[in-house]
Amino acid sequence: SCVTTAYQSGPWVKVTAFSPSGRVIEAGKSGLLFEKRMTSSPITTRRPKIIVAVSTVTSRRRNLMFGGSEGSVMSHRQITFTIADSPPPRLDKALARDVPEDANLSRTRLGRLLEQGAVRVDGAVVTDPRSRAEAGQQITVDVEEAEDSHILAEEIPLEVVFEDADLIVINKPAGMVVHPAPGSPSGTLVNALLAHCGDDLSGVGGMKRPGIVHRIDKDTSGLLVVAKSDAAHHGLAKQFEKHTVERYYQALVYGVPDANDPRLRGVKGASFEPGNILKLTTQLARHRTDRQRQAVFFQGGRHAVTRARTVARLGNPEVLALMECWLETGRTHQIRVHMAHAGHALVGDPTYGGKRKLAKGAVSDAAAEAVRSFPRQALHAAVLGFDHPVTGDYVRFEAPLPGDMTDLLGAVGYDLP
């Protein structure tokens, strides 16, 4: 059994040792000393915070076993089940197949638990996901209670479209990053949700944090669903993986896609379905030289399908179109890349659109300037529909166009119905 002694806040302690494997555990009178450390070549320096007596410490599990509170071990739940007949040869795949549905453990989460030494097979700890699985093996998984997130909670106003105990639907404004990253450590949707949800977060992937199951770009506005519980995260992720989530976007593009356009019919990957619906089918992957961009490929990459229909033709002659786009798949920048590939880039898109000149006299000078100076891609996630992962009910949400896009459309002569 594991026992944690009182927190030690005494003077600095420096321990150095040769550690080719990148890990040092030093024995002392009270047991093993370990904690976060900084490595400089073969020398490791650390300041221990907790003194613990343990029976077994694995390379990653040591950072997760103890919450840092005085005299207590983090509580956990235990899941037991049996590997069924004809299992996949790899243990991680067999676990993902046979783990009880109500455990709400994804294959990714199970993989982490394996690495952390939290999975026992017939009583023995196993950490190799490639271990052989056999029918009849008794599996025990220790799942610790969710820890508090290291991400800072920030009081940022949010437009909440729907919220219950398991999920929340947000109408995200343009300019807000979804998740903290090196270039955006704060001010993100996740920072705001941590403050908004507080103790309502029951934990996702072992951490008290919002479960991000899909994203929209920083400068795209519109609807986003976020899980508040493991059950919701697991159920929503499955729906996104199977491409059953209903997602419609509204976009303002250059030109007017038309089935009678011979140029567009000659674009590889472009076709038309009944009702003048443009279908774009390609592979998408990172650009070979610009790693911030996505690019169209026809070998390699990830399969991507976008459909779009023209809602309104704008200008005289027609130079712009309001489009309704929907996704069969959901790849990074998918609509933006696909529409640019078709020759109908989004107005304002700094990465794929460029600054195009409209035909002289097609719109007023004020309208042409509004198009030229629009500061972001004119793209809005307008509709989001899915099966509620806990209740099973189908839910569908709509968000009207934001003010900057309605103003832009008004400038080019389109009045919203």
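A crossing of two helices is left-handed if the near helix is turned anticlockwise from the far one by less than a right angle, and right-handed if clockwise. In this predicted model, H1 passes H2 in a right-handed crossing.

## The H1 and H2 pair

Helix H1 covers residues 91-98, and helix H2 covers residues 107-115. Their axes come within 9 Å and cross at roughly 130°. Angles of 65 to 115 degrees count as roughly perpendicular and angles over 145 as roughly antiparallel, so H1 is oblique to H2. On the H1 side, the contact is made by Leu91, Asp92, Lys93, Leu95 and Ala96. On the H2 side, Arg107, Leu110 and Leu114 take part.

## The chain as a whole

The protein chain has 8 helices and 24 strands. It holds 417 residues, and buried residues make up 44% of them. Take the contacts between residues at least 6 apart in sequence: 63% of them join residues at least 24 apart.

## Nonpolar cores

Which residues touch the most other members of the largest nonpolar core? They are Tyr249, Leu278, Ile335 and Met339, in a core of 36 residues. Helix H3 (residues 189-197) supplies the largest share of this core, with 5 residues.

Ile335 has its own list of partners. Leaving out residues up to four places away in sequence, Ile335 touches Tyr249, Thr306, Cys325, Leu327, Leu346 and Leu379. Cys325, one of these partners, counts as buried because its relative accessibility is 0%, below the 20% cut-off.

## Cysteines

Cys197 is also buried, at 5% relative accessibility. A disulfide is a covalent bond between the sulfur atoms of two cysteines. How many disulfides does the model have? The count comes to 0. The rule asks for a pair of cysteine sulfur atoms within 2.5 Å.

## Two buried loop residues

Val347 sits in the loop between helix H6 (334-341) and helix H7 (365-372). Is Val347 buried or exposed? Its relative accessible area is 0%, so Val347 is buried. Beyond its neighbours within four places in sequence, Val347 is in contact with Leu252, Val253, Tyr254, Leu320, Val371, Phe374, Arg376, Gln377, Ala378 and Leu408.

Ile216 is in the loop between strand S15 (211-212) and strand S16 (221-227). Ile216 counts as buried, at 5% relative accessibility. Not counting residues up to four places away in sequence, Ile216 touches Lys172, Val178, Ser221, Gly222, Leu223, Leu224 and Tyr249. Tyr249 is also a partner of Ile335.

## Pairs by sequence and space

| Pair | Separation in sequence | C-alpha distance |
|---|---|---|
| Val347 and Ala251 | 96 residues | 8.2 Å |
| Ile216 and His333 | 117 residues | 8.4 Å |
| Asp128 and Gly117 | 11 residues | 9.3 Å |

Asp128 lies in the loop between S9 and strand S10 (138-144). Its relative accessible area is 30%, which makes Asp128 partly exposed.

## Backbone exceptions

Most residues other than glycine have a negative phi, and most peptide bonds are trans.

Where is the cis peptide bond? It joins Asn316 and Pro317, with omega at about 5°. Pro317 is in the loop between strand S21 (302-314) and strand S22 (320-327).

Asp122 is not a glycine, yet it has a positive phi of about 50°. Its place is the loop between strand S8 (119-121) and strand S9 (124-125).

His243 is not a glycine either, and its phi is positive, about 60°. His243 is found in the loop between helix H4 (230-241) and strand S17 (246-254). With a relative accessible area of 35%, His243 is partly exposed.

Conventions: Residues numbered from 1 in each chain as written. Predicted model: local features only at pLDDT ≥ 70, side-chain atom pairs only at ≥ 80, totals over all residues. Heavy atoms only, no water. Buried < 20%, exposed > 50% of the residue type's maximum accessible area, 1.4 Å probe, protein only. Helix = DSSP H or I, 4+ residues; strand = E, 2+ residues; numbered from the N terminus. Contact = heavy atoms within 4.5 Å. Core = buried A, V, L, I, M, F, W, Y, C linked by side-chain atoms within 4.5 Å. Axes fitted to C-alpha atoms, helices over the stretch in contact; angles between N-to-C directions. Parallel < 35°, antiparallel > 145°, perpendicular 65-115°, else oblique.
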